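Please look over the sequence and the structure shown here before reading the briefing. The points after them are grouped by topic.

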Amino acid sequence: MHGRETEIRVLDGLVGRARTAEGGVLLLCGPPGAGRTALADRAVRTAAAAGALTVTAHGHPAETGLPYAALDLLAAELTAAALAAAASTAGPAEDAEPAGAPAAAHAGRLLGLLRALTARRPVLLAVDDVHHWDEPSRAALAVAARRLGPRCPAALLLTADTHHGPDPHLDGLPRLDLGPLPAAAAAALVREAAPGPVAPTVLEALLREAHGRPALLAELLARLTPAQLSGRALLPSPLPAVPLLQRYTARLAALPDAERTALLTLALAEETAAFRPDLPHPALFPDPDRPVGGLATGLAAAGLAGIVQDGGDRPRFTEPLWQSAVHRSATAADRRTAHRRLARATAETGPRLAHLWHAAAAAPGPDPAAADALDAAVRAAGPTVPPGQLAALLGRAAELGPQTVLAADRWARAAEQARLAGDTGRARLLLARARRLPADHTVRGRAAYTLGMAELSDGPVRQARATLGLAADLLADAEPDLARDARLHAAEAAWTAGDRAGCRAETAELLRRPEPAGRTAAVPAVMLHSARGTAAALDRHYSRSIPELRRTVADGHRETRPPALARALAAAAVLGDAAAARDLAARAIALARAHGHEAAVPHLLQRLAYAELYAGLPERAEFHASEGLAVAERTGRRNPAAHHHAVLALTAATRGDAAECAEHAAAADRTAVTHGLVTATVVSAWALARRDATAGRHDRAATRLLALTAPGPAQGHFALRLLAVPCLVEACVRAGRTEEARPAVREFSAWASGGAGEHARALAARCRALLAEADGGAPDTVVDLHHEALALHAAADSVLEQARTALQLGKVLRRRRHPGRARHHLREALDGFEHCGARPWAEEARTELRAAGADHGGPVVRTPVGALTAQQAHIARKAADGATNNEIARQLSLSPRTVEHHLRNIFATLGIRSRTQLGPVLAARHA
């Protein structure tokens, strides 16, 4: 049931309509292996557990030619159920209407049996594989389904295979289509069902083969040994032909030769269709051996069989398993012949890369000339071709050429392209091919760079630092730009690991190493300023660090290179400059996606989410962390996924959702602890401390935060500890442990006064105000410090932190018997908290307002819609417009589970129970 939250909710609604005597019908459609039967069985169990009578029936292919056979069998089942329940004295099935009677008469008989059953108990009738029913039975069943309702309050669940095409009898019935499982849900299913651990490379291979089909995943798991699943033994290539795949290949085997040839040509042409999407499909190019008319006729016939869909000059398979089945069904000789045909077809009018690819694939053995031509074309194509395609092209060139250093170089370059495409498992496999061959320093350096970057996103970061440092040393002379990038990422790995000395060493090495002789290009300004700012910050020279980091951000606005934009984005995140971070991240993500560099997206969203988190913008941080988590899980990047979980833990604590906070913190720590992600560990611990503080457990919160912010070798993180200082001060003051917060406040004030910006200076002023009040300082001093902080907050546009400061000031004024002035600030605080969805603080502000006499000063609580976060409001509008959870998830790059979670919170906040109530509530808000 992984990844089927939306479908389960719809089915539970159908069961609920049976229990409340409303009646209803649902047609559940999907291709083979999508999980139709499993979902139907779950609905039957749910209904039975709720006290409903359940009757099940199944379609049988052998009886599709017998008129009314299926309906007679169902009538017998219903009659037996009625007799067993003592709800009817209906006769046995032999008293049925004679075969050939009108469908309406048979439908009436079926409705009569259902009414007899529903008179005593709720009824769920589930018909699996209704596409196998004979046509007259389907027609009668459809007539009965349309008449279900108050007069016959049974629930009817039908399942149908979409391979059998549309059924005019069932048109118009409420329908739910099963799409493929999201990658994260499919991965969770594999881990749960596997008999032991599953290696990441094996998991990725299974997900590629299954295309989101849960049944196919289960069948593949059953055919693989624990050693193969854990990576200790090689996977078979191709993966086993399990029963579900054999159903596809069996249908292909029954087709005429002309259609199978056309489908193989289409399947192989798909491999190069991305090279020039504007050209007609290579499968339709004229060819001397097989005219275009012959291919088009074969594809048209396959289209009638539901295998191909018409796309004009770009036909497509109706689903990816057909393409897999075509590849499996073809012999090596058949594939070479088809590639040779496509090579000739693309020689004149097709893209050169497509022609070279097909020519290389047609080669029966080594062909150095073809390998060289393919490699040269790849170098010429550059970023115009998606990296996944470049990986395949370079891998084929490596196979065809001599197995020397040249082949090792091609394997290493192929691995880097696979990594950029987000396929880490494939990248590791290609690197293994490169390591089996002789290699020089440059090839070894490229391989180390790719491996180090893979480890940085999905492995121990200390190991990533060592690997990237080795790459920088090996590439220093031959490829200084790549060597510099490796050194920067080695410093990033040390930063993530909380290794101050390592980060200082890598940064110093970057600044020390001169340009090679003969090179005129200087180190990019962004890189220099970033390295200098980092080096100064590591030594706590904040007055030198912050200006350098600000120059990094300024230079980044003039950059178009993704690595330079990423450095500027990192600097903006450290400074808490959310506006700059959003601009830089938007440009960097657009460039990464335009070039097919999916691997970079979760890291960029991670930095953006952290920047917004530090700037006090939790609702924006939550939005981008949710998107980043979905991309990270889809591309198998556990390290950025852990960072996004940590951010979501902190935003959940801000909203007052303790359970979600704990869930995300635990998910972050599962990876962070084993991979050494100290930054993620610190943020998840900060989230738990905030959860404690908002629940009134200030002493516990102070203990957690002191462990994160105390200086010395046991500190949480040498840089991030400063960011938790404002929370620490409040927790310590409210727990009566003020003295323990003073050292951290002194260092935070030094950071803020070094030029960190209005946001940091505002927080520093609030910290001093809290300490001054705790010390019994002069009332005017305490109030003035709060006003100073509020003025700085307004310039920094930090809604949450401005509201927290306003709340503190309102509490001070109320205690000093200035209720009128207190109410003004407390109302501002409440408004800010509701805007951010910070429910615990909003409730505290309401309590303070009541204590300040606001009950007599007019309403202070906004309408419930105003309490939604920005992301919740966005999701609510889409749901009110009729979008399903899957549709919302695709549009917002979230997981359906995340959308489902947000909808539950939206319903709770608005005090409603269903989507149908969303529209009126939102409309009332804007009336």
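This is a predicted model: local features need pLDDT of at least 70, side-chain atom pairs count only at pLDDT 80 or more; totals for chains, interfaces and linings use all residues.

Residues are numbered from 1 along each chain as its sequence is written, and side-chain values use heavy atoms, with hydrogens and water left out. Helices (H or I, at least four residues) and strands (E, at least two) are DSSP runs numbered from the N terminus.

**Confidence**

- The mean pLDDT (the predictor's confidence in each residue, from 0 to 100) of the protein is 83, and 90% of its residues reach 70 or more.
- Among the elements of the protein, the highest mean pLDDT, 94, belongs to helix α21 (residues 461-475), and the lowest, 66, to helix α44 (residues 918-926).
- The pLDDT is below 50 over residues 87-101, a stretch that has 26 contacts in the model beyond near neighbours in sequence, where contact means heavy atoms within 4.5 Å.
- Over residues 516-521 the pLDDT is also below 50, and this stretch has 6 contacts in the model beyond near neighbours in sequence.

**The sheet**

- Five strands form an open sheet in the order β2-β3-β4-β1-β5, with parallel pairing; two strands pair if DSSP finds at least two bridges between them.
- The edges are taken by β2 (53-58) and β5 (175-177), each of which has a single partner strand, so one side of each is left without a neighbour in the sheet.
- On average, neighbouring strands of this sheet are turned by 15 degrees against each other, direction ignored.
- The parallel pairing of β2 with strand β3 (residues 123-128) runs over 6 bridges, and A57 stands opposite V127 in β3.

**Helices α32 and α33**

- Helix α32 (residues 678-694) and helix α33 (residues 698-709) have axes that come within 7 Å and cross at roughly 160 degrees; axes are lines fitted to C-alpha atoms, for helices over the stretch in contact, and angles run from 0 to 180 degrees between N-to-C directions.
- The two helices α32 and α33 are therefore roughly antiparallel to each other (angles under 35 degrees count as roughly parallel, over 145 as roughly antiparallel, 65 to 115 as roughly perpendicular and the rest as oblique).
- The crossing of α32 and α33 is left-handed, a term used if the near helix is turned anticlockwise from the far one by less than a right angle.
- On the α32 side, V682, A685, W686, L688, A689, R691, D692 and A693 meet H698, R700, A701, R704, L705 and L708 in α33.
- The residues of this contact of α32 with α33 divide into 9 nonpolar, 1 polar and 4 charged, where Ala, Val, Leu, Ile, Met, Phe, Trp, Tyr, Cys and Pro count as nonpolar, Asp, Glu, Lys and Arg as charged, and the others, Gly among them, as polar.

**Helices α33 and α34**

- The axes of α33 and helix α34 (residues 725-734) come within 8 Å and cross at roughly 140 degrees, which makes α33 oblique to α34.
- The crossing of α33 and α34 is left-handed.
- Residues H698, A701, A702, L705, L706 and T709 in α33 meet V725, C727, L728, A731, C732 and R734 in α34, and the residues of this contact divide into 9 nonpolar, 2 polar and 1 charged.

**Helices α15 and α17**

- Helix α15 (residues 352-362) packs with helix α17 (residues 387-400) at an angle of about 40 degrees, with their axes 10 Å apart, and α15 is thus oblique to α17.
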